[in-house]
Each structure stands twice: as structure tokens, then as C-alpha cells.
Amino acid sequence: MISDIKTTEITERIAKLKSNVLSARSTICTERAGFYTEIYQEFERSPVILKRAYALEKTLKKMTIFISEGELIVGNQSSKLRAAPIFPEYVTSWIINELDEFEKRPGDAFYITGEQKQELKEICSWWKGKTLIERGYSLMSPLNREIHDSGIIRAEGNLTSGDAHIAVNFEKILDIGLGGYLQSIELIQNKLTDSDARFFEKQDFYNALIIGIKAFQTFIRRFETLSFELSQCETDLRRKSELVKISEICNSISENPPSGFYEALQLTWFVQLILQIESNGHSVSLGRMDQYLYRFYKNDIIPGKINEDFALELLENTWLKLLSVNKIRSWSHTRYSAGGPLYQNVTIGGQTIDGKDAVNELSFLILDSVGRMKLTQPNLSIRFHKNISDEFLTECVNVIGKGFGMPAFNNDEIVIPSLIDLGIKKDDAYNYSAIGCIEIAVPGKWGYRCTGMSFLNFMRVFLAAMNNGLDEMSGKTFHIGTGNFEDFNRFSDLMLAWKDQVGFYTRATVEIDTAADLALEELVPDILCSAFVDDCISRGKTIKEGGSVYDFISGLQVGIANLGNSLAAIKKLVFEEATISKETLTENLKNNFEGKDGEKIRQLLLNYAPKYGNDDDYVDKLLYEAYMYYIDELTKYHTTRFGRGPFGCRYYAGTSSISSNVPSGSVVPATPDGRKAFTPLAEGSSPTSGTDTLGPTAVFKSVSKLPTNKILGGVLLNQKLAPSALTNETQKQKLISIIRTFFETLKGWHVQYNIVSRDTLLAAKKNPENYRDLVVRVAGYSAFFTTLSPDTQDDIIARTEQSL
Amino acid sequence: MLTVFNIQRYSIHDGNGVRTNIFFKGCPLRCSWCNNPESLDPAPSIMFDERICHKFGECRRIGNGGIILENDKLVINRDLILDTTVYNNICPSKALIVSGQEKTVLQILQEIEKDIPFYNMSGGGVTLTGGEPLSQGAELIDLIIQLKKRGIHVSAETSLHLPWETIENYVNLIDLFLVDLKHLDNDKFTEYTGGNATLVMENFKKLDETGRKFIVRVPVIPGFNFSSAELFAIIDFAAGLKHVSEINFIPFHALAKEKYLMLGKDYTFGNHRCIEKSELKPFTEYAERKGLISKILN
């Protein structure tokens, strides 16, 4: 079954396109902002859904389009390669405030011309008082607004961006084509009678959908025309025929379902692109690409219409298209998503609806193409299940060995049963895909933000619990506590204090989410995104109004490992062994371990209390208990769509917190796990960096003791892997065997690997305390990297560079 | 009680599958290149990493003059320290640790059992190493019996530098022996290890006669056995045995350098160069020609 892929190098064409994208400076495009503003001004009194339909229509008809030299897949997001469009209807304040700083950002800089600055200033001045963020804040209670501003809960991304975190129904789009969608909308619209209570809203909605899809078709046909024109003046015969082909494809897919793999991939990209022109949320995902594209692939490859090399080139061209999409976020939000990622996820592998291994030749081809490109997009996820072949896993491990952090694994063995427990239909549960980084949803049937609602900073809450509710950073008591830590007589008093505080803040996150969701529903409904998610059309509702089949969402809890480690340190060192008194601990947390004996206290906390990630029930059970207080409270609440159509409308937990552990840590004073003030918190569900000293099997055990079946927003685990761990087949098979054990036996949720780089080792040499987990594994011998002599460290660093 | 200085999970270079290595203290040999110098003394040893010392002074408070501050530097007078265990868990930053903890069979078992799912999936198990595990005595036999009861595969890495009567006790208990073959020449063996090569070679033959398959492990040490004549002789000896399932070459590395410093010991091999895997190719090829399955370990 497995195709024998001989090509190991990307083609000259792809290499050139790759270098174009990678060398393109990030700039700003004002076209979309201009079109949207003009339409909103012109149609000020029209319903918002129509305003947005007209604005989308104008953008798709008028925006600059181009076809780059050599590209086989066409369609651009903005006027220039890697130019980020502006979405003034969401927020303008940070744009105005940061306009002169875009170029000066220490990371993720954007270049902007003086003319553009002037244009944006004018555009933004019109939007004052009309934007999403202003509406969102006005819907928050004064208390919640204060909590939000204190940084304990952050929901900025929800109010400055669109929703996204979604995969639309690609399968159906490829099945019926855009023409088919238009017909089905018209059919339903024709049946609409004014006896319907929502007659007017539905009429507007259907009209908006029709305008949107027709504009989409026009957009595709503009590429038909452009490529035809280019072909006319093209002298290279090979390129000329390519351009004619592109023109034919665009002509056909603007109306009809695709007839082959090339057409299907081009339409898939157009849909992915258009969703990101309409709205500016990230994590717009492609779902199970190896499944919905497979029939096209098979139909073309068997009669020899295309060959593998060409299919690879098309896929690689598509990945470059994904990378060409750009997004500018406010500086504060950028820190939560360092590196400017768009998290466009592609999921492969997994099972068919009847429980069989779904891996096919296209799965291998996608994996191979992503491995050859080594880009940050797509975000490639593998759905693991117990019958997945070692052959496929070996290929996955080979790609992991290339050291760019992909692919990641999600585990069917925990996700599918958990989805079925939630009440998801079996066929749908078996069809889930990863969204964004690691979170999951049923593509085409699930609403926005299966994760990505507000961020709750667990450690700020924990410190408030120790402080009778006082949040020291803001100097405010948002919720009066159960006492001061010094007055707690038993460890259980502390646990109760945590339960009480986290309960309060959990409710606050939901209230803040509700404000954001109501504002999003009211001001920025998505037209095309709703068109392509079931059952928006039959219900006559946008996703935000309750159009989707399923609706489950989650926020992100930051500081998971810190919470467990803090509880364990206090229980053991303060209450059980009395090594540290309550007063001493409180004082040291207040002065950041900088007083007399401060460092000694910190070292005791670091070295003499169990740490999460070492398979130690003492701390793992405390973390479970503490996390469950949050989860139990969370399950009491509903989303704004409750009772309006979708199944579910509930919350679950999530830890897929991207790079937010760094900025989240920057607003947290010292914590009882020995962490100094304002340093990063632990990432996702991973152990605190440097504290998991017993190796990967112990980490797997600890992580799998979390209530993973209730953290469907993602149990993020990043693991470091020494390059030497993948030097030969035996090592690779051992890695596969522990991944299998983690998933099959321990029911782990997710894992992804970062190959330990030279930079990491250099950092470890400099700051050994933070890297005590780096093990040098050699036959008959073992030592931690940080205990090696400096010259030996240098030697290993030098070798690492070679092997990478 | 058994004295263990490390229980290392996810060991992937010492035998099949994912293994937990139990490092025991005490060794009859004193190989001058030894990788694990903390293993030699059967009693717990003090190790001190100056780089992470904060000079909190907890160790000096023990107050027998064993550890003092001189010119703002911590000095450990190992001769004055009769009982190292008083320093156990005394240093807040763990710059000073006592390597080697007395553990009961049950305590060791509990650690081993934690990774059973990983052994099962990978075909792994436990590797007893050290030091010289087979010189541990009756309690080790208890441990192995408990492991067998749980169906856990047991390997032992041994120097065979023990009376045959001792080794014999383990023959039917250990699933796989990983046996060091360092040198055939008695004088050189004695000079570099303090031991007796004849004893080792005789035990090899006796082990071979039992019919149990075993793996021969050759540490390749510059200045000791890293020459064609010496290594070919070693390979010839191994090839002359009937039940060698594999021969493994372990190239010298100087990773242990800092551990010597931490133990306050001199390391004569500290500045020896490391051997590249590629330099061992002629020997693996020779071993293959002699009919041995041959590998170079990391």
C-alpha cells in the first residue's frame, strides 16, 4: 500500500517559492480596512450581516490579486506577499497606539509606509466607538472589567480578533462545490415564509450568504482571468501551459465540485484563504486532509493522471500558501503567540468511522511533504490509535528527527471515548480533527473556539487564596478569601481556600467570555464561515447565533505544573516536616526570596518537595484534586448558544496555552514552588522546565494522571529529545514504543517533540538550575548534562551542531 | 538493605527495549578509566558540585571538621568523615549530595514497577549494574526473585571478577548477562584494574559451559586496549566461546570527568581523547568475520 517515495529534495520551483515567502518582509496591507470602512459608512443603517456581506463582496472584487512566478496553487491574502491586512471593525486602539512601533518590535516586526500610517489613522478615527473591543468591554460588569485589566483573566485575543479555531466542512464543499452551496441556500430560502418568527433575520442571513458565496466565486474567476492573461504573454511554453491549466481549474471550481486532486487542493486552499480574508481569527484549520482529499488522489494516481512527484509539489505549494498568510496582533497579544503563528492545522491518520486504520498513501505523502518543507505551517497533527502501523509511526519519528517540532500526536484512544461521553454521535467522534495546535473538534459541525476562550492565570488565583483573596499585583480583593495562609492550621485549609477562589474566578472567566461572545455575535458575524459549518444554513443562523451542530468551548488554564508543585511544597515542607514556617514562606514570597536566607528557602522548595513530572503520586494527586475544583465549577456553565440549537453549549478545561506561559508568568509574584517573581510559568501540561529529572516515562505517567478525559481543550505536552535518541533504528523503535505505551496503556492525550538544540545546551551550561532535566544517556553510564565539566559540555554542544 | 546510587528509568542503551537501570555501589575492580567512580566504594560517598554551591553552611554545621570553609572555598576532609550519611539531605541546593542510599528490596521494586507498561510494550525490563551488582549478596537474589515473579526481564552487567560460586547463584536467575571483557593480558589487566584477568577468563568459560546466552561488552580505552593486537585478541577470545549472542564495543568517553572532581578523586583518564565510532569499524568488521554479531554502543 505504501508508496515508495524516492524524491528527497524539494524541486527547484518549490525551493524558489519557499525562499520568496521566507525572505518576504512582514508589511501592512490597508486594502481590506479601506473597503470595509467604505461599506460600513455607505450602509450604516443596514443590518450588520448585510454590511459584512457587502464589505466582503467589495474586498473580494477589488483587492489586489497576483500570481507569483512558478506557483501552481494560486490565491493571495492581501496586496503583497506576507502583508498583514487590518481589521478595523474589531479594534483600532492598539493600531493607533502602536502604529509607530510596528517596525521596532523586538520580535515579529512589521514594516509600514508613511502613507499607510496616514490612511490607517483616518480609517481608525471613523471606527472610534464602533469597534468590537469597545462593545465587549461595555458588556462586562465593572468588577469583571477590573479583573480582566488586572491580568488574572485575559480575553484580549477574543476581542481584538475574530473567533476562528474552527475547521469547516471541506468534505461537503468538495462534494457539492460552491454552486451546490448556492443552490441549497436558495432552496431553503425559497421555503421561508413570513410565518417564521425569525423571517427577517433569516432573509438577511440567506441574502448575505448568497452575496458572500457569489463574491467568492467572483474572486476565483478573477484568478481565472489573471492566469489566462499571464499565459498570453508567457514565452516559456511549459509555464504557459501551467497558467492555462490554472485558468481552467479556476473556471471549473468557481462553480462545480472539483474533478481531480489538483482542483480539489486548489479549492481547499481558496476556502482556507477566504476564511482568513473575511475574519482575522487564528487556528483556521484544514481538518482531516488525508481523508477528504483521498478519493481525488486515488482517482488521479491510479489512471496516471498525476504522479506522486507532482502531488508532492502541489502539497508543498499549498504549505507555502499557508505560510504566506500573515496577521498582525497587538504587541501584548503577540507575546502570547510568539513567532506570529496562524496555527493552520492539518490532521492526518486516525480511524475511519468503522474503527479501521485511516492511514492511506496520501497520509504518507502529506507527512513527507511537511517534513521536506520544514516550515511553521501547516501545524501537522497525527491522530494516533492502537492499530496505527509502526511503518507510519517510523515515518513520523523520522520527521520529528528533522527538529522542527512536528508532527504532534493526538490520541484517539482517549479523545474518541471522551467525545462519546459528552454525547457526540459516534460517527462524528471518529471524525474529529485537531484544530490550531492540539485542541480538537468535529470539522464542519463544531462552533468556534473548542479552545482559545479566556486565559485564567492559576498562580495569581493561588496566591490570592493564600492571601485572604487579596491580589497583590493589583492591590485589590476581588473575592474575599477564607483567611491568610499564616492562619491556616491544616493543609486542607489551603485546599479549601484554593477551591473557593478558583470557583469565583472560574465564574468570572465565563462571564467575561459571555461578554466577548455577545459582542462578537452582534458586531462581527462571519458569513462564509457560517455557510460552511453545519447546520447554519438549515437553521438560518450564524455560528454565533447557534448555527453549529455541536458547541463546546474551553478557556486556557496557565500554570498547571506550578499549581501542583506549590501545593506539594507547602504540604510537605510547611505542614508535614515543618522545615519552613508559614511566616517564613509568606515573607519570602512577598520579597521574592531576596531577604536573609531567601535563597536557601527557595532551594529547599525546589529540591526537597516532590515535583510534577516525576511520576510521584504525592504531587500528582494534589494537582488532580486542585484542577478538579476548577473543572467541577466550570461544568456548571453554558455558552451563549445554550437553547438556541447546538448540542452541548458547555465548557471543558484546556491547557493548550501556546507561549502564554511567558507573559502570564511576567505578572505573577514568587510562588511556593520556588519560582522567582515574574519568570515564566510552566507551559501547557508539561512539567516545570528542569524539574522532571526521571526521564520521559515518568513524565508520561504524571501527565496521564491528570483528568485528561475532562481536558478536551488540550493536554499539551512538550518533550525534549536529544538528537542522539534518534541516531539508529533501535532508538527510533524505542521512542515509538514509549509513545505507544503513553497512548495505548496510559491513555495520554497529546505529545510533541522538540529536538534539543545547540542553543538549549548553551543555555543549560549557563543556567544549570533551569535545565536539570537534560540527561546524557550513554551505555552503562548516566549523568545530567548540567553536571558535566565545562569542556565536556562544549564537546557535546559541538557535536549537537553537527548532528543537527 | 541494598546500596543504590541511581535508579535510572528510560535507559535505552543497555539491552533490549526500555529499561530501568539499578546502579549498585561497590566494585571489586578499580579500572582507572571508570565511568562511574561513585560506584566504587560500597558505602555512600559524598559528591560536591562547587558550581551550584551557595555556601549556606548547613554542611559545616555538622561540625566534626569534615567540611570547612577555607579562603571562601568549601573543603571536604573525607578522612575525617566516618559516617557520610549524616550529610544526607542537608544541602538545600543539593550541591553536596550523598551518593548511595540504602534501600529495601521493596523500595527498589516500587520504583521498578512504575515503568512496567513501558517494559511490556518495548520488550524491556531491568538492568542491574553498578559497580558490580553480583557482589551485593542475598538481598539482590530476593530482588531478582521478586522481579521474576512479576514477569520482568532482568539483565545484569558484570565484570565476572568474582568467585564462580557467587556467580553460579545468579546463572538461572538472570535472563541476560552483559559481561565486560576488558583485556586478556594479566599484567596489563592488573595494572589498570587492580584485578586478575585469569579469574575473569575462567569465569567466562564456566558461564559459557552453562549454555546461557550472553553479551560480551568491550570498553575500548585508549592507552589500555585500543590497539589492533589487543582488540583482535579480545575478539578471538569471545569468538572461541559458544554462547556469545553479541559483542558490543563501548568507545571511551570522558563524561565522568566532573564526577571525579565531585568525589575529590584524581582522574588519570580525564584528558584522554574520546574514541569516535568510526574508529571502531575495523573491529566490528573483524568480529563479524569471526561470526559474532557486533555493535558499537553510544
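Visitor: Which domains is chain B divided into?
Guide: In this predicted model, chain B is divided into domain 1, which covers 2-42 + 101-296, and domain 2, which covers 47-99.

Visitor: And what separates their centres?
Guide: Taken over C-alpha atoms, the centres of domain 1 of chain B and domain 2 of chain B are separated by 32 Å.

Visitor: How many residues are in contact between those two?
Guide: Five residues of domain 1 of chain B are in contact with six residues of domain 2 of chain B, and the residues on the domain 1 side divide into three nonpolar, one polar and one charged.

Visitor: Okay, now the sheet in chain B. What's the strand order?
Guide: The order is β7-β1-β2-β8-β9-β10-β11-β12-β13 in chain B, which makes an open sheet of nine strands with mixed pairing. The edge strands, each pairing on one side only, are β7 (101-103) and β13 (294-296) of chain B, and from one strand to the next the twist averages 30°.

Visitor: How do β1 and β7 of chain B run, parallel or antiparallel?
Guide: Strand β1 of chain B, residues 2-11, runs antiparallel to β7(B), and three bridges join the two. As one example of the pairing, Leu2(B) has Lys103(B) in β7(B) as its bridge partner.

Visitor: What about β11 and β12 of chain B, which way do they run?
Guide: Those two run parallel, with seven bridges joining strand β11 (residues 214-220) of chain B to β12(B), and Phe214(B) has Val244(B) in β12(B) as its bridge partner. Strand β12 of chain B, residues 244-251, is also mostly covered, since six of its eight residues are buried.

Visitor: Back to β1 of chain B, where I'm looking at Val4(B). Why does Val4(B) count as buried?
Guide: Val4(B) counts as buried because it has 21 C-beta neighbours inside 10 Å, and the cut-off for a buried residue is 20 or more.

Visitor: Which residues is Val4(B) in contact with, leaving aside its neighbours within four places in sequence?
Guide: With those neighbours left aside, Val4(B) is in contact with Ile22(B), Phe23(B), Phe24(B), Gln101(B), Lys103(B) and Ile108(B). Thr20(B), which is 16 residues from Val4(B) in sequence, is 13 Å from it in space, C-alpha to C-alpha.

Visitor: Switching topic: how many residues does each of chain A and chain B give to the contact?
Guide: The contact takes 35 residues from chain A and 36 residues from chain B. On the side of chain A that touches chain B, at least two residues each are supplied by α28 (598-607), α31 (696-704), α32 (729-745), β19 (775-778) and β20 (781-784) of chain A. The largest share of that side, seven residues, comes from α32(A), and the residues of the side divide into 13 nonpolar, 14 polar and eight charged.

Visitor: Last one: how do the axes of α1 and α15 of chain A cross?
Guide: The axes of α1 (residues 12-23) and α15 (residues 308-324) of chain A cross at roughly 5° and come within 10 Å. Angles under 35 degrees count as roughly parallel, and α1(A) and α15(A) are therefore roughly parallel to each other. Among the residues making the contact are Leu17(A) and Val21(A) of α1(A) and Leu320(A) and Leu323(A) of α15(A), and the contact's residues divide into five nonpolar, two polar and four charged.

Terms used: Residues are numbered from 1 along each chain as its sequence is written. Chains are lettered from A and ligands numbered from 1 in the order in which they are written. This is a predicted model: local features need pLDDT of at least 70, side-chain atom pairs count only at pLDDT 80 or more; totals for chains, interfaces and linings use all residues. Two strands pair if DSSP finds at least two bridges between them. Helices (H or I, at least four residues) and strands (E, at least two) are DSSP runs, numbered from the N terminus. Axes are lines fitted to C-alpha atoms, for helices over the stretch in contact, and angles run from 0 to 180 degrees between N-to-C directions. A residue is buried if 20 or more other C-beta atoms lie within 10 Å of its own, exposed if 12 or fewer, and partly exposed in between; C-beta atoms are placed from the backbone. Two residues are in contact if their C-beta atoms, placed from the backbone, lie within 7 Å. Ala, Val, Leu, Ile, Met, Phe, Trp, Tyr, Cys and Pro count as nonpolar, Asp, Glu, Lys and Arg as charged, and the others, Gly among them, as polar. Domain bounds come from an automatic or database domain assignment. Angles under 35 degrees count as roughly parallel, over 145 as roughly antiparallel, 65 to 115 as roughly perpendicular and the rest as oblique.
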